[in-house]
Amino acid sequence: MDFEAFFHEYKEKKNAYQMALSTMYYDQATIAPKNGIPYRNRMTAILSGEAFDQMADKESIQRIEELARQENVSAERKKELQLLLRELNELRVLPREVYVEYRRTIADSEAAWHEAKEQDDYQLFKPHLISVIEKQKEILSYVTDKKSDYDFMLDSYQINTDIAYYDRFFDAIRKKLLPFLQKLLKEGTPIDDSLLFTAFDIKEQEAFMQELMDYMKVNDRECYMTTTEHPFTDFFSAHEARITTHYHEHNVMSAIFSTIHEYGHAQYGLQVKEAYEGTSLFSGIGTAMHESQSRFMENHIGRNRAFWEVNYPKLQQHFPKQLQDVSLDDFMRMINVSRPSFIRTEADELTYPIHILIRYELEKEIFNGTADYDNLDTMWNDKYEEYLGIRPEHDRDGILQDMHWGGALLGYFPTYALGSAFAAQFYHQMEQDMDVEEALRSGAFEKISGWLKENIHQYGAFKDADELMMDVCGESFDPKYYIEYLKNKYAQLYQISAD
């Protein structure tokens, strides 16, 4: 079999396994009955083992490496092979039974997390968390070409990042944003947003959401949405993305912003070059880059006044009793309130990176061996008290609020803050290139999507974050855009100086 035929068959089988596993995961997180969890987890582990055999086949990897060393391949094919071999770097050194047990441990852990969160009890989740972390470290023990376990994890989610990279980034957050937040809390003019936490009928929320999806030109033949406990997005092909949201009767903006956020992810996948479908150029996009697009959509678009000039009257029509006497100006202040809070996914823009800083510091302790798992919930609460001046009283509002650690996604959290900073720099450039507010005000959302596709989305993983930032913005990444954006926005909102 010639290489092209071999490589096509290899990728098709790899993608078929991935689609099956993604479908099983999506169903389990949304519609699958709880009592079927143990059996499903066993079947998922078995299928993961079959996928492992196919992907980690030594002869196949050798053939892929041979082509990667050749000079007469296109730049796109060379990058695809580099990314694929990067993905296989971990699998190729693992014993099959270790990998299968790892996947089984993760599936059991995610189910335990759901149960523990429902019961508000970290102790139910603790043994599963310990198992996941131990299994993750066991997996990493087979990988020798790395600086440290946590450096490897960070780089696996976003190329060219490590502890030193994130330490510099979070040092800027700690030194420049944290004092400003403390100043805002002390000197800022208070904003009362309590009205947004009164009762809002969920069926009416769902009806408004459909109007919002129409405004954003979401193609329901390619993008499907349902509900789950923790919103996420999954990709099945260049023409299929699935997103989830979660409605809260007493928090009307939660589902709105989480849906806009998840659509940012979905739109990215749906606007990658179709030719990249089924390749690592589609699947290998770094998570900081992906989060840059979800945070871009959620914050720079979804919290933009021009966006709500069109959509707020629609929201008022669905909730006249609650909103009929609330002006657009007051509504904009309400949805941009900054205050210390427990839940990361519902945090305002200014406090959000502090939520991530806390998780980053805890993850470093997990990997350097100083974390006390018996009291990890207390360590979590202590950091919230130290940085935000509040202390969670319930595990569901503290260490159990996120699913990431239960799913072995250690190293993912920092990409949320980094992605937010990328988004600010991309948005600054978009404003130079087009009239963003006019596009939003006129309902021409395709102009927003078009700019993102032309400048960022179409390239998939062919260009990494450093290359995209230089090509789009004409300079390398600089967190000053993020810090200045937040300080200027909230100084105006709270009538304080940005200094």
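Which residues in α8 meet which residues in α16?

Analyst: This is a predicted model, in which local features need pLDDT of at least 70, side-chain atom pairs count only at pLDDT 80 or more, and totals for chains, interfaces and linings use all residues. Residues are numbered from 1 along each chain as its sequence is written, and side-chain values use heavy atoms, with hydrogens and water left out.

From α8, the residues I163, Y166, D167, F170, I173, R174, L177 and L178 meet P353, I354, I356, L357, Y360, E361 and K364 of α16; contact here means heavy atoms within 4.5 Å. By class, this contact comprises 11 nonpolar, no polar and four charged residues. Ala, Val, Leu, Ile, Met, Phe, Trp, Tyr, Cys and Pro count as nonpolar, Asp, Glu, Lys and Arg as charged, and the others, Gly among them, as polar.

Helix α8 spans residues 163-187 and helix α16 residues 352-368. Helices are DSSP runs (H or I, at least four residues), numbered from the N terminus. Two packed helices are described by the angle between their axes and the distance between the axes. Here the axes come within 11 Å and cross at roughly 140°. Axes are lines fitted to C-alpha atoms, for helices over the stretch in contact, and angles run from 0 to 180 degrees between N-to-C directions. The helices α8 and α16 are therefore oblique to each other, since angles under 35 degrees count as roughly parallel, over 145 as roughly antiparallel, 65 to 115 as roughly perpendicular and the rest as oblique. The crossing of α8 and α16 is left-handed, meaning that the near helix is turned anticlockwise from the far one by less than a right angle.

How values were computed:
Helices (H or I, at least four residues) and strands (E, at least two) are DSSP runs, numbered from the N terminus.
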